Amino acid sequence: MYALLGKLTPDELAEGTHPGLRLLLSNPAHRGLVKTLRVYLDHAGDARHAATALHIHRSTLYKRLHRVEQLTGLRLDVGDDRLAAHLGLKAAELHPRLQASTNVPDMVF
């Protein structure tokens, strides 16, 4: 997957990233939500394992994921939306200019 994403230019990756996710990634205040989403998706949507990895209660995880859905328009119970979110997050890892500044502490709003 990374080889395929790596062949795209940053502009192509930005264009292909879900607009709501681009907004989330571009706002430094939402770094904590981005991290929550990344961990959740990297754990294949397993809330128990994701909450453990984040050192938070499962109800906190659900609240954060609900906030992600509100801010992005993504529905994490829809496979295509989960895939779009995961690919967008992986693209942002490859091309840091797609993501918010890393000099901001993890905050969740």
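Mentor: Axes are lines fitted to C-alpha atoms, for helices over the stretch in contact, and angles run from 0 to 180 degrees between N-to-C directions. Helices (H or I, at least four residues) and strands (E, at least two) are DSSP runs, numbered from the N terminus. This is a predicted model, in which local features need pLDDT of at least 70 and side-chain atom pairs count only at pLDDT 80 or more, while totals for chains, interfaces and linings use all residues. Residues are numbered from 1 along each chain as its sequence is written, and side-chain values use heavy atoms, with hydrogens and water left out.

Trainee: How many helices does the protein chain have?

Mentor: Read along the sequence, the pattern is α-α-α-α-α-α-α. There are zero strands, and the number of helices is seven.

Trainee: How is helix α3 oriented relative to α6?

Mentor: Helix α3 (residues 19-26) and helix α6 (residues 58-72) pack with their axes 8 Å apart, at an angle of about 115 degrees. Angles under 35 degrees count as roughly parallel, over 145 as roughly antiparallel, 65 to 115 as roughly perpendicular and the rest as oblique. Therefore α3 is, relative to α6, roughly perpendicular.

Trainee: Which residues of α6 make the contact with α3?

Mentor: Contact means heavy atoms within 4.5 Å. From α3, the contact is made by G20, L21 and L24; from α6, by V68, L71 and T72.

Trainee: How many charged residues does the contact of α4 with α6 have?

Mentor: The axes of α4 (residues 31-42) and α6 come within 10 Å and cross at roughly 110 degrees. The contact is made by L33, T36, L37 and Y40 of α4 and L61, R64, L65, R67, V68 and L71 of α6. Ala, Val, Leu, Ile, Met, Phe, Trp, Tyr, Cys and Pro count as nonpolar, Asp, Glu, Lys and Arg as charged, and the others, Gly among them, as polar. By class, there are seven nonpolar residues and one polar, and the number of charged residues is two.
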